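Work through the exercises below with the sequence and the 3D view side by side. Try each task before reading its solution.

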Amino acid sequence: MKHDADVVVAGGGPVGLMLACELALADVSVIVLERLTEVDTTIKAGAINSPSSEAFYRRGMLPGLAEAQRAAYQSFSSFLRHRQAAGVTGVQQPPKFAGHFAGIMLRGDLLDESDPDFDGLGPAAEVGLVPQEVLERLLGARAAELGVDVRRGVTLTGLDAGEDGVHVHTSDGSLRTGWLAGCDGGRSTVRRLAGFPFPGTAPEITGRQAIVEMTGADALGAGWNWTGTGTYAHGAMPGRILTVEFDGPPADRDAPITAQELETSLRKVSGVADITIHKVLSATRFTDNARQVPDYRSGRVLLAGDAAHVHSPFGGQGLNLGIGDAMNLGWKLAATVRGWAPEGLLDTYTAERHPLGAWVLEWTRAQVALMRPESHAQALRGVIAELTGTVAATTYFAKKVSGVWQRYDLPGDHPLTGRSAPDLELSDGTRLADHLRGGQGLLFDLAADAEVRKRASGYGERIRVVTADCPGRPGLAGLLVRPDGCTAWAADSPGGPDAPDELDAALRRWFGTPDAVAA
């Protein structure tokens, strides 16, 4: 089959754009199909976790994210100033934000930052508050720089998948491609047309989030609040509200969200009767529908992000889970297209990402259970709130929310294996992340070991060898880092007799045979 592109990505949100950028970085031709004609400005996720921040940092995108975070902090400060000016008592700058669990805030001043899981993040640790709309714009600009063909206003209407490629039918004609990646959201057309099973649990709630212009808001509690009729949140930007009602899913999720609907819900859940919403600037509905496909791949069709797993937005895991999918899939699919992928490489995408998706589903289900407006949940909330007043519990929850605990089950006994590579500070003034911008694998020889460098010979552009000292980790002799930033092999100094053979096995497992030639 003659292809119009090596890969077609359905969905031009952050996940689809991230995947497209990763593919383009590896010289794979990509077409992105996005049904919307402009960037989606609907209020959605407002933060990224550590694995996402690391991913963007490693591709040189940290400055743009830092600027977005500064704007988010300014918006929060504006919210506090407004409440102070309105005479609301007790308004003060809260402690450093460390996340939340079911709306129970985690205090940064109780976080044990000496925990080893927080070690090695580097500058990525300083960026977190980035709205999804801003992230999509930044990724769109990066995609343009990399030459990605993004086609807005084009809807995928059908697909015919075969052994050698996929015919993709759209509102703008048909395309032929080697691979189709469905990044088209929770109600994915690709997932449905390709016949992926989607087991899980049915929704129990109706959630609404919006930015509005309203009067009477000074009577609302700031932050998260629980009542006998549900849960609501107010802030952390002017006009932002969120309500959760536990009376089943909405009758029609696609119906326009009106000021009257939001006003009725906010009055019901908050118990404040004199709130009036005059204008809706941005609004969305959500549920706690929690489902996941058993396998993220069916032949030449793959899924990533919400197309592969859906859940409630509590804890801010969805966007980050999708970015992780894109980083994991991108280089593996590129290797497959380029012809150097070792056998089974693409299958490790599901093997590594499915367990994390399953964990997120359970994590969000637990939060919904804790937020229910009934006495047993209320009692349990009290217990959890008391626990989060301790350093140990705050650190536990913050590690889960931030994603620093995540680790793939890879061969090898070294504590770094399977984890995100630490952002090593090297003697030449560079950091590990600086060497990952090109999307290649990296082999760090930190002990001037000719045998380590010899093992990497013959891999060409697939692996870049960096020989340097690392004063901050004098005991670390070598590190093999995959293009997605995951540590595939590590050895301390002095290395054991099996270290070279273990390195060789890791190189072949992730980068194929030395004599393989990229297309």
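Ala 456 sits in the loop that links α11 (450-455) to β20 (463-467); helices (H or I, at least four residues) and strands (E, at least two) are DSSP runs, numbered from the N terminus. The model is predicted, so local features need pLDDT of at least 70 and side-chain atom pairs pLDDT 80 or more, while totals for chains, interfaces and linings use all residues. Residues are numbered from 1 along each chain as its sequence is written, and side-chain values use heavy atoms, without hydrogens and water.

**Exercise 1.** Decide whether Ala 456 is buried or exposed, and list its contacts beyond four places in sequence.

Solution. Step one: the relative accessible area of Ala 456 is 7%, so Ala 456 is buried (under 20%; exposed is over 50%, partly exposed in between; 1.4 Å probe, protein chains only). Step two: with neighbours within four places set aside, Ala 456 touches Leu 443, Val 465 and Leu 507 (contact means heavy atoms within 4.5 Å).

**Exercise 2.** Find the strand order of the open sheet of three strands, and name the helix that packs on the sheet.

Solution. Step one: the order is β9-β15-β18, with antiparallel pairing (two strands pair if DSSP finds at least two bridges between them). Step two: β9 (200-201) and β18 (309-310) are the edge strands, each pairing on one side only. Step three: helix α8 (residues 348-371) packs on this sheet and touches β9, β15 and β18. Step four: two bridges join β15 (residues 290-292) to β18, and Gln 292 stands opposite His 309 in β18.

**Exercise 3.** Classify Leu 380 by its accessible area and locate its helix.

Solution. Step one: Leu 380 has a relative accessible area of 44%, so Leu 380 is partly exposed. Step two: Leu 380 belongs to helix α9 (residues 375-387).

Methods
Axes are lines fitted to C-alpha atoms, for helices over the stretch in contact, and angles run from 0 to 180 degrees between N-to-C directions.
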